[in-house]
Amino acid sequence: MPSPNKRVYFGSCAFNVYDEVYEPAEDSFLLAENLGVKEGEQVLDLGTGCGVLGVLAAKKGGHVVAVDFSPYAIRCAKENSAFNGVRGKIEFLQASLFTALSSNAVFDLILFNAPYLPSEEDEAATWIGRTWAGGASGRDVVDRFISQAPSHLKPNGRVLLMQSTLTGVEETIHKFSEQSFNAAVKASQKLPFFETLTLIEASAATEKETI
Ligand SMILES: C[S@@+](CC[C@H](N)C(=O)[O-])C[C@H]1O[C@@H](n2cnc3c(N)ncnc32)[C@H](O)[C@@H]1O
């Protein structure tokens with residue numbers, strides 16, 4: 001493996017980041033601060049990147065499946081899981097969204113720091129571009145995720161989805177409600193230039209709530 005171009009720290013964990021892999025940023029850290037994983041929970045870390053969220057979830061006692069469609073990300077995340085002593089607690093899959101999971105695979109928690117920024121077509125032509133490019137509206141991957149995530153959650157499971165105000169937070173909440181899911185903003189962080197990072201938590205509405 002070539003030398004990493006960066007080393008990033010969160011708490012007591014360190015993560016090597018290679019070319020073509022998303023370097024953990026404010027969005028990664030806002031999600032990391034709000035993980036809330038409990039011992040023994042089944043966690044799906046979608047778009048694992050360098051593995052930051054999957055490793056932190058495993059450190060908290062979660063059994064983690066980490067997915068990314070980038071071979072660079074999977075290689076980097078595997079290395080970081082070993083580096084942080086949790087290689088045996090994470091299964092890695094190189095695939096797009098839920099395609100590598102069986103239809104009955106269900107989780108307590110699904111994490112996704114999605115590619116959510118509005119972008120031109122050519123910006124998604126590289127692996128690094130695909131880490132953040134969400135198509136013209138920024139919603140290409142987010143909308144596919146929302147339509148598929150509910151069928152991979154346990155009845156009391158929850159989703160933590162990171163996006164930004166540039167991509168329509170109300171639309172996300174509405175799309176979850178169309179799936180009979182309650183969604184709300186769990187945390188947010190203002191960035192320069194009129195953008196606020198928004199962490200959305202969603203879970204199935206109970207029967208009482210849907211009447
Ligand atoms: C914003 S980065 C987040 C990386 C890491 N989770 C973090 O928080 O630092 C988004 C990640 O999702 C991956 N990704 C984008 N579209 C995907 C898809 N359709 N299926 C699987 N992974 C995808 C990218 O390769 C990238 O690693």
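In the predicted model, strand β3, which spans residues 42-46, pairs with β4 in the parallel sense over five bridges, and within this pairing Val-43 stands opposite Val-64 of β4. Strands of a sheet pair through backbone hydrogen bonds, in either a parallel or an antiparallel manner. Both β3 and β4 belong to an open sheet of seven strands, in which the order is β5-β4-β3-β6-β7-β9-β8 and the pairing is mixed. The edges of this sheet are formed by β5 (90-94) and β8 (181-191), each of which pairs on one side only. On average, and with direction ignored, neighbouring strands of the sheet are turned by 15° against each other. Helix α5, comprising residues 169-178, lies across β7 (153-164), β8 and β9 (195-204), and runs at about 160° to β8.

The ligand is surrounded by 21 residues, of which the closest are Tyr-22, Ser-28, Gly-47, Gly-49 and Asn-113. Divided by class, this shell consists of 11 nonpolar, eight polar and two charged residues.

A further element, strand β1 (residues 6-10), contains Lys-6. Lys-6 counts as partly exposed because 13 C-beta neighbours lie inside 10 Å, a number that falls between the limits of 12 or fewer for an exposed residue and 20 or more for a buried one. When neighbours within four places in sequence are left aside, Lys-6 is in contact with Val-17 and Glu-23. Lys-6 and Tyr-18, although 12 residues apart in sequence, are 6.9 Å apart in space from C-alpha to C-alpha.

Note on methods
Residues are numbered from 1 along each chain as its sequence is written. This is a predicted model: local features need pLDDT of at least 70, side-chain atom pairs count only at pLDDT 80 or more; totals for chains, interfaces and linings use all residues. A residue is near a molecule or strand if its C-beta atom, placed from the backbone, lies within 6 Å of it. Ala, Val, Leu, Ile, Met, Phe, Trp, Tyr, Cys and Pro count as nonpolar, Asp, Glu, Lys and Arg as charged, and the others, Gly among them, as polar. Helices (H or I, at least four residues) and strands (E, at least two) are DSSP runs, numbered from the N terminus. Two residues are in contact if their C-beta atoms, placed from the backbone, lie within 7 Å. Two strands pair if DSSP finds at least two bridges between them. Axes are lines fitted to C-alpha atoms, for helices over the stretch in contact, and angles run from 0 to 180 degrees between N-to-C directions.
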